[in-house]
Amino acid sequence: MSMKLFRQWGASLCLGFLALVSVWPTFAQDLAGAKDHPAVKRFGGSTIVGYEVRNFDAVEFQTSTFKEFDLQTYKRRYVQPPLALEGKLTRLWYEAPGATRSLELFRNYANDLTASGFTALYDSTRDSAAGSYTNFLANFSSGQRDFIKNNRSEYVMYGADASTVRTGTFQKGNTTVRLISIDWPKEDATYKSRQGAYIAVDILETKAMEQNMVVVSASDISKSITANGKVAIYGILFDTGKADVKPESKPSLEQIAAFLKAEPTVKLHVVGHTDSVGSFDSNLALSKRRADAVAAVLAKDYGIAANRLVGNGVASLAPVASNNSDEGKAKNRRVELVPQ
């Protein structure tokens, strides 16, 4: 080959390489605003396709064999109760295109986490009883607790073959990581998936919630009911999925009781409201139980006649903000007082 032809061939090869470099970032671009969590590395060549950070949330971490999916509560059930934790939650979906499969992706993450000092609380690949994952992925469907903002679709996780699921829980100090990986053996335009494997990574940093709700005074309760026909109370607190009124609710309960004692002829509907996370039927029942619990506490601990209070629950039927953000969901979780 002459020197001139060699230089032309070399220039062409160089241009071809530059073209690949310029095209690749377009193909493998992370979701806008997304970034890796410092505690967890990413698999080589993978892309962030789903991302969400919640300042405070609750997660049930698997520590034993998956047993079944409860279609009433829309929760996974395990042989042993899951580890329930609260704190700052970072959620990521990674896409590893090409020949990568669920087991390889999961093992890479699991091995790296243990090498970094994390303890495996559960690893389905080491569990001889694991294997039946019927409806395990249902919580990834739109509107459910594991669905997050992404640039693919809910079906990337929800619509995958359940037999390819690999899952695990890893913990180091106050940081707990949940891994759920699945396969897509071929590209599917309907499900907006690419050939390869996907993994959902949840990182929860345990911390106490900062109480930031203003207690509505008895006077303000009266003014709001007069002006608006109702008042929203945000200082009555419950654990996730439960209807026991927490002790931190006392300041708000005291103000409600003070209002009722100042207005002895007033009778109230105590109305429970939820966000849209979980099934409607379970939220409807939960909101009613919470309203009944508030009425019961006011009668038992504050001397309010029981016949002055009627508990009602409307689940997510009357939102005051969008359920597409944590801030909106927080506004929708409330108790309202409405005159009978």
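Leaving aside its neighbours within four places in sequence, with which residues is aspartate 70 in contact?

## Aspartate 70

In this predicted model, aspartate 70 is in contact with Lys75 and Arg77, when its neighbours within four places in sequence are set aside. Aspartate 70 belongs to strand β2, which covers residues 66-70.

The side chain of aspartate 70 also has a polar atom that lies 2.8 Å from the backbone nitrogen of glutamine 72.

## Overall composition

The protein has 340 residues, of which 43% are buried. Its secondary structure consists of seven helices and twelve strands.

Among contacts with a separation of 6 or more, 71% are between residues 24 or more positions apart.

Strands of a sheet pair through backbone hydrogen bonds, either parallel or antiparallel. Here, six strands form an open sheet with antiparallel pairing, in the order β1-β4-β8-β7-β6-β5. From one strand to the next, the twist averages 20°.

## The pairing of β1 and β4

The partner of β1 in this antiparallel pairing is strand β4 (residues 83-97), and twelve bridges join the two. Within the pairing, valine 53 stands opposite threonine 90 in β4.

Notes. Residues are numbered from 1 along each chain as its sequence is written. This is a predicted model: local features need pLDDT of at least 70, side-chain atom pairs count only at pLDDT 80 or more; totals for chains, interfaces and linings use all residues. Side-chain values use heavy atoms; hydrogens and water are left out. Helices (H or I, at least four residues) and strands (E, at least two) are DSSP runs, numbered from the N terminus. Buried means under 20% relative accessible area, exposed over 50%, partly exposed in between (1.4 Å probe, protein chains only). Contact means heavy atoms within 4.5 Å. Two strands pair if DSSP finds at least two bridges between them. Axes are lines fitted to C-alpha atoms, for helices over the stretch in contact, and angles run from 0 to 180 degrees between N-to-C directions. A polar contact is a pair of N or O atoms within 3.5 Å; within protein, one must be able to donate a hydrogen and the other to accept it, and residues adjacent in sequence count only if both atoms are side-chain atoms.
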